[in-house]
Amino acid sequence: MSADQATGQSLPAEHQERGETFVFHAADMQDPHAVYDKLRAETPVREVLMPNGLKVWMVTKHADARAVMADRRFSSDLVHGRKLVETGSDVRPTQEDYGSQFGRHMLNVDPPDHTRLRRFMAKALTPRRMEGLKPNVSTLVDELLDAIDPTGEVDLVGQFGSPLPLTVICDLFGVPASDRSDFHRWALAIGTDSAPVALTSDNRSDEAKSSAAAMAGYLLELIDHKQRNPGDDLLTALITARDEDQALSSVEVVSMAFLTLFAGHETVVHLIGNGTLSLLTHPEQLALLRSDLSLLPNAVEEFLRYDGPANTSMMRYSTEDVEIGGAVIPAGSFVATILTSANRDDEFFPRAATMDITRPMGGHMTFGHGIHYCVGAPLARIEGRVAFERLLTRFPKLRLAVEPEELVWQSNTLIRGLSRLPVLVD
């Protein structure tokens with residue numbers, strides 16, 4: 001079933017509410033649009049019981065999502081937010097409060113810490129550095145497509161979508177060729193786990209924990225090497241960056257590397273997978289794009305909006321009672337802005353459930369909003385545009401190898417992505 005067909009359908013019986021709480025199931029990620037359509041229409045800001053048992057206030061409308069992401073009363077620093085609510089004063093958490101020190105990256109902190117870290121990242125991940133990666137991206141895309149066997153079924157996610165951003169990130173970090181197989185293995189174990197990036201969490205699998213620990217140890221060694229042997233790469237730039245005579249610690253550099261890895265990999269993998277599926281299930285849009293590749297930048301934005309790779313933003317925590325969309329979110333509540341839903345809001349996007357690659361660009365929430373807007377968005381766009389241009393040019397007979405109803409989506413509520421995308425290219 002396509003997302004267009006799902007709009008307006010009634011929900012299955014298991015969605016009966018438990019008292020005042022709406023129950024969101026992991027299985028809903030196979031087609032969340034019907035659930036989000038209902039919430040947007042009836043109670044766009046409401047408490048929901050998530051699959052892990054956590055109660056979360058879901059915010060599903062575009063305007064409300066933007067309001068939450070711009071409101072400083074919603075803290076991205078969940079530990080600090082809890083301290084504010086529990087003590088009634090601005091008590092700074094200790095390192096022990098956070099558990100894993102490697103989770104202290106930009107998405108998990110508020111100003112002024114966030115402001116400081118973002119300035120460092122902006123100095124290191126410059127537009128010039130990202131644009132300079134474009135030739136490498138083009139070469140890598142061609143190599144990956146050359147390796148595809150045109151006579152059989154191809155998993156476009158596993159054989160193309162995933163190795164592309166991982167290798168780009170290795171180039172960005174300056175990871176030696178001899179270490180890349182280990183780096184890829186660790187990254188895949190971390191990325192396929194459903195919990196947010198952190199070294200320690202009760203919700204993470206043993207493989208994800210051990211892979212995250214191994215990668216952190218490797219990155220610390222690589223940072224030490226680059227301090228003695230600087231290179232033209234992001235890690236060296238982060239190490240050498242200065243802001244008002246302050247520098248990042250090695251732990252902070254590793255935290256920023258983890259964020260870059262998670263955001264940079266998952267976003268591009270599922271931009272490619274979801275975008276390709278959207279084209280193959282909308283043949284008139286595919287034909288239009290093939291006939292005029294100048295539409296590609298616009299098309300990539302529509303892929304990001306229509307069925308983008310980010311389902312929700314990172315969790316926030318209300319530090320006081322806040323009214324959003326006519327509902328009062330109590331102090332001490334977890335809040336999730338549903339980006340997938342905001343991008344299908346008819347009040348902001350006319351005919352939002354219809355994919356249209358000629359739709360005017362701008363306004364989608366996939367890269368966030370406000371101070372946490374994704375600093376790596378330009379690089380994701382570069383990778384997406386090159387990948388789709390080469391893919392459509394190389395394989396004019398590209399088509400699904402299975403019926404759309406047979407495809408399996410990840411149950412991860414943070415990411416919107418396919419487990420596999422079987423296609424035929426001959």
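Which residue is the bridge partner of V59 in β9? In this predicted model, the bridge partner of V59 in strand β9 is T337. The report below sets that pair within its sheet and then turns to a helix elsewhere in the chain.

**Confidence of the model**

The average pLDDT of the protein is 87, and 88% of the residues reach a score of at least 70. Two stretches call for caution. Residues 1–18 have a pLDDT under 50 throughout, and the model gives them 32 contacts beyond four places in sequence. Residues 193–202 also have a pLDDT below 50, with 29 contacts in the model beyond near neighbours in sequence.

**The sheet**

Six strands form an open sheet with mixed pairing, in the order β1-β2-β3-β9-β6-β4. At its edges stand β1 (22–23) and β4 (74–75); each has a single partner strand, so one side of each is left without a neighbour in the sheet.

Strand β9 (residues 334–337) runs parallel to β3 (residues 55–59), to which it is joined by 3 bridges. With β6, β9 runs antiparallel, and 2 bridges join the two strands. In general, strands of a sheet pair through backbone hydrogen bonds, either parallel or antiparallel. The residue pairs that involve β9 are listed here.

| Residue | Position relative to β9 |
|---|---|
| V59 | bridge partner is T337 |
| W57 | stands opposite V335 |
| R316 | bridge partner is V335 |

**Helix α6**

Helix α6 (residues 113–124) consists of 12 residues. From its first C-alpha to its last, α6 reaches 17 Å, close to the 16 Å expected at 1.5 Å a residue. The buried residues in α6 are H114, R116, L117, F120, M121 and A124. Why do they lie on the same side of α6? They cover an arc of only 165° around the axis, which puts them on the same side of the helix. Among the elements that cover these buried residues of α6 are α7 (127–132), α13 (234–240) and α14 (250–280).

How values were computed:
Residues are numbered from 1 along each chain as its sequence is written. This is a predicted model: local features need pLDDT of at least 70, side-chain atom pairs count only at pLDDT 80 or more; totals for chains, interfaces and linings use all residues. Side-chain values use heavy atoms; hydrogens and water are left out. pLDDT is the predictor's confidence in each residue, from 0 to 100. Contact means heavy atoms within 4.5 Å. Two strands pair if DSSP finds at least two bridges between them. Helices (H or I, at least four residues) and strands (E, at least two) are DSSP runs, numbered from the N terminus. The expected span of a helix is 1.5 Å times one less than its number of residues. Buried means under 20% relative accessible area, exposed over 50%, partly exposed in between (1.4 Å probe, protein chains only). The arc is that of the directions from the helix axis to the C-beta atoms.
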